[in-house]
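Subject: A structure for you to explore

Hi,

Here is the structure I promised to pass on to you. Have a look around it first, and then read my notes below.

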Amino acid sequence: MAIWRSCSLRTSLALGKTSLHAPFRALATAAPSELKKTGLYDFHVSNGAKMVPFAGYSMPLSYGDVGQVASHNHVRTSAGLFDVGHMVQSMFRGSTATAFLEWLTPSSLSSLSPYSSTLSVLLNERGGIIDDTIITKHAEDAFYVVTNAGRRVRDLAWFAERLAEWNAGDAGAKGPVEMELLEDWGLLALQGPEAAAYLQSLTSYDLKTLTFGKSAFVPIEGLNLHVARGGYTGEDGFEISIPPSQTVQVAELLSKAPVQLTGLGARDSLRLEAGMCLYGNDLDEDTSPVEGGLTWVIGKERKESGTFIGAEGVRQHLKDGPPRRRVGFIVEGAPARQGAKIFDPSTKEPLGTVTSGIPSPTLGKNIAMGYVLSGWHKKGTAVEIEVRGKMRTAAVTPMPFVKPKYWRGA
Amino acid sequence: MQAILRQARASGLSRPQLARPGVLRAPLLSRTLVTKRYTVEHEAVEYDDATGLGIVCITDHAQSSLGDVVFVELPVVGTEVHKGDQIGAVESVKAASDIYAPVSGTIEEVNEELASQPGLLNKSPEAQGWLCKIKMSEPTEMEKLLTEEAYKDSWA
């Protein structure tokens, strides 16, 4: 089970599609005043960050003169710290909280053990993905939920409407559910093979017991912080939630050698190597979790009989098979990026579209993910992908592209 | 006749021996005039009027903004190109950036080194990392490109 988070990297990916001057323009567009800042904005600037507009926030793309490949490799071989404080953190509480979230998602939350997390999806009435999310169960009546910054407005409106509906109904009469937005809270991701040893040096809590997908309140320098083991890179790592007043202090504590501050650029290449989705690129409201390769997030017992929003559409795809599927590719020659069209090599019929693609720093190959018609999704299937007017040979390749190194216990 | 006289006098006033020595003397020494001009797409062309070749590269500013270049796609030798045509691309992990023909002509040579060493674009973008040589069909196009100063003003 992969635990990951996604956030919309649209801005930085948009750098990729036009001429050489696009990067500068993209960096210069939205005026800084229109953008929100995380509590670490000044911290980033003082650390030499190149700040870019991203999901409505001014976020670090890179730091100093450390290039994207060097930064990426540092996370794969040592440790990196990411500010993900733009993501939306909230708590859902109430005696019917489990049932409420099982109405909003296809996940089996009643069987999830306390202080465990799962990747999940918020579905619309058609079974399309409103957002992907990490849900952490603290107790039957308390859940910590992280959703994407780029979906903030849509998600918060959706939560508000569904909560009102729930609390006005029979279930709500038994015990209403309340949502608390952890506004301005910090969220830091410490990722990489040296992340655990580094964090262990700052706490008496035995991190060996905190396996992948688990979370705990961990004492760090006199604070008691919510630490979840997992991340968005495929490496072992932690996501640490921090009250607003202590975010800078914790960031300073977690960014000493060998840990390097890591920006959105490396974040995107790391997540793609790990086969993880970026909402807005790889997932959207017209995509069901079955098409999106996320059938595994649907609870076993919920596939047949689950009563969740969008169940009908999801069940249709489960029963008949989805019309298209998200798959990985290795592409020969030029990297295929978002928007590149995929074709049948013999008939040249269109098969689908690439949703994310990069030259992989770890593999030295061009990796991509995208959607193809069912039947073309099997491992090893040869397709052609058009890049700059030329057909490039590509093969359907299982994801993750780089083997995950999660800590699953000694 | 009058014009020449007037010009000569004007030059005399501005001490011709010191003014514009490069332009006046270089042709006498080597018969070659090399000019370098830039585009707003962050490319540069170095034109040698003896050979008629324009050497195309991306600027140092472009490479630093792109980050580590991992792949370069170059045009086919012999292709006839028009100013503004897309003739290739430079790919970093972050982005793919199209290369446009900054001038018209025929692709005379491409930098084969870049196939195995795309990093030359970062190390030496305006020398070892040159992209291609274009046999220019309209050398006057050079005059419409930006001077170094104007180029820097275009993004600074």
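Let me start with a question: which residues does A:Leu190 touch, not counting residues up to four places away in sequence? They are A:Ala79, A:Leu81, A:Ala195, A:Leu199, A:Gly237, A:Phe238, A:Ile240, A:Leu254 and A:Val259. Please keep in mind as you click through them that this is a predicted model.

The largest nonpolar core has 136 residues, and A:Leu188, A:Leu190 and A:Ile385 touch the most other members of it. Strand β17 of chain A, residues 366-373, gives this core its largest share, which is five residues. As a general background, nonpolar side chains in soluble globular proteins tend to be buried together.

Now for the layout of chain A. The chain is divided into domain 1 (10-85 + 185-273), domain 2 (88-181) and domain 3 (324-402). The centres of domain 1 and domain 2 of chain A, taken over C-alpha atoms, are separated by 25 Å. Where these two meet, 14 residues of domain 1 of chain A are in contact with eight residues of domain 2 of chain A. On the domain 1 side, β10 and β11 of chain A each supply at least two residues. By class, that side has six nonpolar, six polar and two charged residues.

Strand β10 (residues 215-220) and strand β11 (residues 223-229) of chain A pair in the antiparallel sense, over six bridges. One pair to find on screen is A:Phe217 with its bridge partner A:His226, in β11(A). The two strands form a hairpin with two residues between them, and A:Glu221 in the turn has a positive phi of about 50°.

Next, how many residues of chain A are in contact with chain B? There are 20 of them, and they are in contact with 22 residues of chain B. On the chain A side, α2 (22-28), α4 (68-77), α10 (264-273) and β16 (350-359) each supply at least two residues. By class, that side has ten nonpolar, eight polar and two charged residues.

Helix α10(A) is mostly covered, with ten of its ten residues buried. Among the buried residues in α10(A) are A:Arg267, A:Asp268, A:Arg271 and A:Glu273. Just after this helix, A:Gly275 takes a positive phi of about 75°. In helix α4 of chain A you will find A:Asn73. This residue is partly exposed, because 17 other C-beta atoms lie within 10 Å, and the partly exposed class falls between 12 or fewer (exposed) and 20 or more (buried). A:Asn73 and A:Gly192 are 119 residues apart in sequence, but their C-alpha atoms are 9.7 Å apart in space.

Finally, on to chain B. It has seven helices and nine strands. Of its 156 residues, 37% are buried. Among its contacts between residues at least 6 apart in sequence, 59% join residues at least 24 apart.

Strand β6 (residues 86-92) and strand β7 (residues 96-100) of chain B pair in the antiparallel sense over five bridges. B:Gln86 has B:Tyr100, in β7(B), as its bridge partner. A hairpin joins β6(B) to β7(B) through three residues. B:Lys94 has its place in the loop between these strands, and UniProt's unreviewed entry puts the feature "modified residue: N6-lipoyllysine" there. Is B:Lys94 buried or exposed? B:Lys94 counts as buried, because it has 28 C-beta neighbours inside 10 Å.

Enjoy exploring, and write back with any questions!

Best wishes

How values were computed. Residues are numbered from 1 along each chain as its sequence is written. Chains are lettered from A and ligands numbered from 1 in the order in which they are written. This is a predicted model: local features need pLDDT of at least 70, side-chain atom pairs count only at pLDDT 80 or more; totals for chains, interfaces and linings use all residues. Two residues are in contact if their C-beta atoms, placed from the backbone, lie within 7 Å. Helices (H or I, at least four residues) and strands (E, at least two) are DSSP runs, numbered from the N terminus. Ala, Val, Leu, Ile, Met, Phe, Trp, Tyr, Cys and Pro count as nonpolar, Asp, Glu, Lys and Arg as charged, and the others, Gly among them, as polar. Two strands pair if DSSP finds at least two bridges between them. A nonpolar core is a set of buried Ala, Val, Leu, Ile, Met, Phe, Trp, Tyr and Cys residues joined through C-beta atoms within 7 Å. Domain bounds come from an automatic or database domain assignment. UniProt positions are given in the numbering used here, feature names are shortened, and annotations may be inferred rather than shown by experiment.
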